[in-house]
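Have a go at each task before you read its solution.

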Amino acid sequence: MRVAMIGTGYVGLVSGACFAEFGFDVACVDKDAGKIERLKQGEIPIYEPGLETLVASNVKAGRLSFGTDLKSAVAKADAVFIAVGTPSRRGDGHADLSYVYAAAKEIAEALDGYTVVVTKSTVPVGTGREVERIIRETRPDAEFDVASNPEFLREGAAIGDFMRPDRVVIGAESERAQSVMRDLYRPLFLIETPIVMTSLETSELIKYAANTFLATKITFINEIADLCEKLGADVHDVAKGIGLDGRIGRKFLHPGPGYGGSCFPKDTLALVRTAQETGSPLRIVETVVDINARRKEQMAEKIVDFCGGSVQGKTIAVLGVTFKPNTDDMRDAPSLVIIPALQAAGAAIRAFDPAGMHEAQKLLPGVTWCEGAYDAMQDADAVAILTEWNEFRGLSVDRMKQRLKQPVMIDLRNIYEPEEMAQAGFRYVCVGRPGRR
Ligand code: NAD
């Protein structure tokens, strides 16, 4: 079985390397020649734990290759995955499908023999049918089927998620396409991974329904956290108390500065638009989108409030700028709203992130980028934790106090204990947990 992976980003590179690990021949294609060149040199263009080793061993075994030549990769393939970006379209929030459709046309021109063309990108309902139409129009003679196979991996844990997923969703309607897809995921049948085999439309919707549900769960606990602050309750205990109910589940009940990243913001918005246009609006999700956008601004206000109502002329140390730990992805990170809001309020920012600074430098002008967490705290009036990288969890309170002008911490990820910080002499605030101010 030969696979062509079109788009070698977070999803394409991980999926390609994992399919190679399953034993298939995988050709990863990207139109970004610089990215392909780096991959050919053995350099991984993204930060993803474990990926470098996985890529290296599969390249060595001759199962994984990289190139810019879509035509030859597609011509040889039994299955072609489209894993290009589907960002928000400027202005209206719909998914921008131009990359998907451009890829479909190029694939059509190169098809040779029966091929399953699979959309792995997150695409709105109806996209698979349009891909089918484009291919048929471009190459009326081609022998192909279109399938949908949305990806559920999380950045930072992507390989484990791909290799041991909770489920695999496949939208494939012909027996031939179903059989190719089953063969591709056979290694996961062996570990009894549930496979949901369904129609193209249903498969496309499952991905959006999953992401909007998770975004809703996060937003729910964020609002409960705000309520806890008013009522003197502890949101961690509330999360545990409700999460132990199997109908609710414990995951995704951790409060913070609002969801970000490359998926939830754009996918919630895209589903809202689809639902409005079909006359079946998703009012819950509309509200989630509004609350989450506002939350990021509120977090900047929370920092200002805790710094005595003004940050004019003050220096704030920011720990973590990526939307979550173990990734360098800066797309829609809360820091992109919080840091500029603090700067607009007159603060100088000293920031550190273990993996995201290279990308963040382009997006956050005027920030002093530091060598480490303690360095960021040098002569700062307060420290704000925006991302829960492991290395921020065990910082020495003494060393922090030596560096900071005064011991003030705003912990938007709840990685420290309010009582312990108070005992250590910190003015400390987090999200949804009572503590002495
Ligand atoms: P990305 O931006 O990291 O990668 C996309 C890649 O596609 C880029 O390298 C780009 O150069 C390449 N590309 C675009 N058009 C091309 C073409 N015609 N031919 C060859 N290459 C082309 O994006 P990503 O984060 O990997 O996301 C891809 C899709 O997967 C999106 O639809 C996203 O919503 C979905 N998804 C992402 C994640 C995630 O955690 N990042 C998880 C699940 C699903």
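**Exercise 1.** Is C263 buried or exposed?

*Solution.* Two notes on the ground rules come before the steps. Residues are numbered from 1 along each chain as its sequence is written. The model is predicted, so local features need pLDDT of at least 70 and side-chain atom pairs count only at pLDDT 80 or more, while totals for chains, interfaces and linings use all residues.

Step 1: take the criterion. A residue is buried if 20 or more other C-beta atoms lie within 10 Å of its own, exposed if 12 or fewer, and partly exposed in between, with C-beta atoms placed from the backbone.

Step 2: apply the count. C263 is buried because 26 other C-beta atoms lie within 10 Å.

Step 3: C263 sits in the loop between α11 (235-243) and α12 (264-277); helices (H or I, at least four residues) and strands (E, at least two) are DSSP runs, numbered from the N terminus.

Step 4: look for partners. Not counting residues up to four places away in sequence, C263 touches T122 and N211, where contact asks for C-beta atoms, placed from the backbone, within 7 Å.

Step 5: check the record. An unreviewed UniProt entry gives C263 the feature "active site"; UniProt positions follow the numbering used here, feature names are shortened, and annotations may be inferred rather than shown by experiment.

**Exercise 2.** Compare D30 and K35, starting from the UniProt record.

*Solution.* Step 1: the "binding site" annotation of the unreviewed UniProt entry covers D30, K35, T86, T122, E155, K266 and R331. These positions span 302 residues of sequence and are also spread in space, up to 24.1 Å between C-alpha atoms.

Step 1: D30 belongs to the loop between β2 (25-29) and α2 (33-40), whereas K35 is in helix α2.

Step 2: D30 counts as buried because it has 23 C-beta neighbours inside 10 Å. K35 has 19 other C-beta atoms within 10 Å, so K35 is partly exposed.

Step 3: leaving aside neighbours within four places in sequence, D30 is in contact with G7, T8, K35, I36 and T68.

**Exercise 3.** Which helix gives the most to the shell around the ligand?

*Solution.* Step 1: 28 residues surround the ligand, and the closest are G7, G9, V11, S121 and T122; a residue is near a molecule if its C-beta atom, placed from the backbone, lies within 6 Å of it.

Step 1: α1 (10-21) and α5 (98-110) each supply at least two residues of this shell. The answer is α5, with four residues.

Step 2: sort the shell by class. It has twelve nonpolar, nine polar and seven charged residues. Ala, Val, Leu, Ile, Met, Phe, Trp, Tyr, Cys and Pro count as nonpolar, Asp, Glu, Lys and Arg as charged, and the others, Gly among them, as polar.

**Exercise 4.** Which strands stand at the edges of the open sheet of six strands?

*Solution.* Step 1: the order is β11-β10-β9-β12-β13-β14, with parallel pairing; strands pair if DSSP finds at least two bridges between them.

Step 1: β11 (368-369) and β14 (427-429) stand at the edges, each with a single partner strand, so one side of each has no neighbour in the sheet.

Step 2: look at one pair. β9 (residues 315-319) and β12 (residues 382-385) are joined in the parallel sense over four bridges, and A317 has V383 in β12 as its bridge partner.

Notes. Two residues are in contact if their C-beta atoms, placed from the backbone, lie within 7 Å.
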